[in-house]
Amino acid sequence: MQAVFGAIEKVSKSDASVLIVGESGTGKELVSRAIHRRSARGSRPFVAINCGAIPETLLESELFGHEKGAFTGAHVQRHGRLEMAHGGTLFLDEIGELSGALQVKLLRFLQEHEIERVGGRSQIRVDARIIAATNTDLTRAMAKGGFREDLYYRLAVVVVSIPPLRHRRGDVQLLANTFLQREVVSQGKKLIFTPKAVKAMETHGWPGNVRELENRVQRAAIMAESGRITPKDLGISQYSEFEGQGLSKAREAVERQMIEAALARNKGNLTRAAAELEISRPSLYELIDKLGIPRR
Ligand SMILES: Nc1ncnc2c1ncn2[C@@H]1O[C@H](COP(=O)(O)OP(=O)(O)OP(=O)(O)O)[C@@H](O)[C@H]1O
Ligand SMILES: [Mg+2]
């Protein structure tokens with residue numbers, strides 16, 4: 001993340017197009033807003049549009065606007081998001097979803113700094129900085145012909161890559177505490193994580209990245225009964241500590257933990273430990289040997 005913060009600092013001072021790459025929920029929009037706020041355009045508009053959430057037919061007029069009578073239902077002239085972002089920044093989320101025709105239109109804007117509204121004949125000068133984001137591999141889309149190379153190089157003057165949360169384990173606890181503090185303030189009650197919850201968060205895979213962490217902490221803060229947040233409140237499996245180890249290693253680790261606990265509870269009595277584990281005495285002997293568990 002230090003590299004990301006450094007990149008934010010640098011690109012804020014320039015007016016170049018930026019491509020932000022990262023898995024879902026890593027903070028692409030947050031980073032994009034930070035770049036805008038710190039830039040010379042910071043007091044001008046920040047306009048965001050999700051290219052993947054709007055049907056192609058509507059997206060063109062959303063982006064470029066339309067003239068009165070351009071199509072059925074176009075009763076009045078309308079400014080597009082690019083024009084709304086004049087003087088400021090346009091954030092194009094999920095840029096990989098842009099159709100071929102709109103890729104061409106966007107490329108023309110990046111080259112000429114001019115747009116044409118749908119159904120319009122005149123060129124309108126627009127001064128907007130473009131920050132685009134993607135959670136898909138655009139270089140692969142480019143190789144397959146789904147994304148224009150010339151547009152890619154116009155957009156990706158600077159690439160800011162946000163690592164997934166599982167690759168920056170040190171951030172998990174910092175972020176979790178930040179989100180928990182927020183709940184402490186808004187709910188006005190004392191909340192802490194149990195040590196098991198801290199461990200479970202450290203080892204969880206976080207496929208939904210920071211957004212998942214934020215949601216889980218929020219929900220846990222509401223559900224926690226005593227103000228002590230457990231792995232169960234977070235909805236994180238106690239087995240997440242075995243993730244990425246492979247099944248046989250995980251199985252051995254579980255066997256070892258359960259056998260050691262049963263032996264301790266039964267003060268080393270193998271017959272009772274075996275009964276509790278619902279295995280035969282010889283099977284327990286065998287496992288103790290195999291796993292090298294010290295006999296007491
Ligand atoms: N470093 C961070 N500190 C605090 N909150 C963060 C951080 N990074 C992300 N978040 C929070 O996580 C959530 C997801 O961030 P954001 O919407 O920017 O992600 P995204 O990459 O745009 O996700 P998607 O690809 O799903 O659109 C937001 O609520 C954001 O405030
Ligand atoms: Mg987003």
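Predicted model: local features only at pLDDT ≥ 70, side-chain atom pairs only at ≥ 80, totals over all residues.

Residues are numbered from 1 along each chain as its sequence is written, chains are lettered from A and ligands numbered from 1 in the order in which they are written, and side-chain values use heavy atoms, with hydrogens and water left out.

Start with the largest pocket, which holds about 800 Å³ of space. On a 1 Å grid over the protein atoms alone, a pocket is an open set of points with protein on both sides within 12 Å along at least five of seven lines, whereas a cavity is a set where a 1.4 Å probe fits but cannot get out; lining residues have an atom within 4 Å of a point. Points join across faces, edges and corners, and the volume is what probe spheres set on them fill. Of the 29 lining residues, Thr26, Gly27, Lys28, Leu30 and Val210 lie nearest the centre. Where does the pocket lie? It lies between domain 1 (2–163) and domain 2 (166–241), because both give residues to its lining; the bounds come from an automatic or database domain assignment.

The search also finds 1 cavity of 30 Å³ or more, and the largest cavity has a volume of about 50 Å³. Its lining is made up of Phe64, Lys105, Arg108, Glu114, Ile115, Glu116 and Gln123.

Now for ligand 1. It's surrounded by 14 residues, with Ser24, Gly25, Lys28, Arg211 and Glu214 the closest; to count, a residue needs a heavy atom within 4 Å. Polar contacts here are pairs of N or O atoms within 3.5 Å. In the side chain of Arg211, an N or O atom is 2.7 Å from a ligand oxygen.

Key:
Polar contact = N/O pair within 3.5 Å; in protein donor to acceptor, adjacent residues only side chain to side chain.
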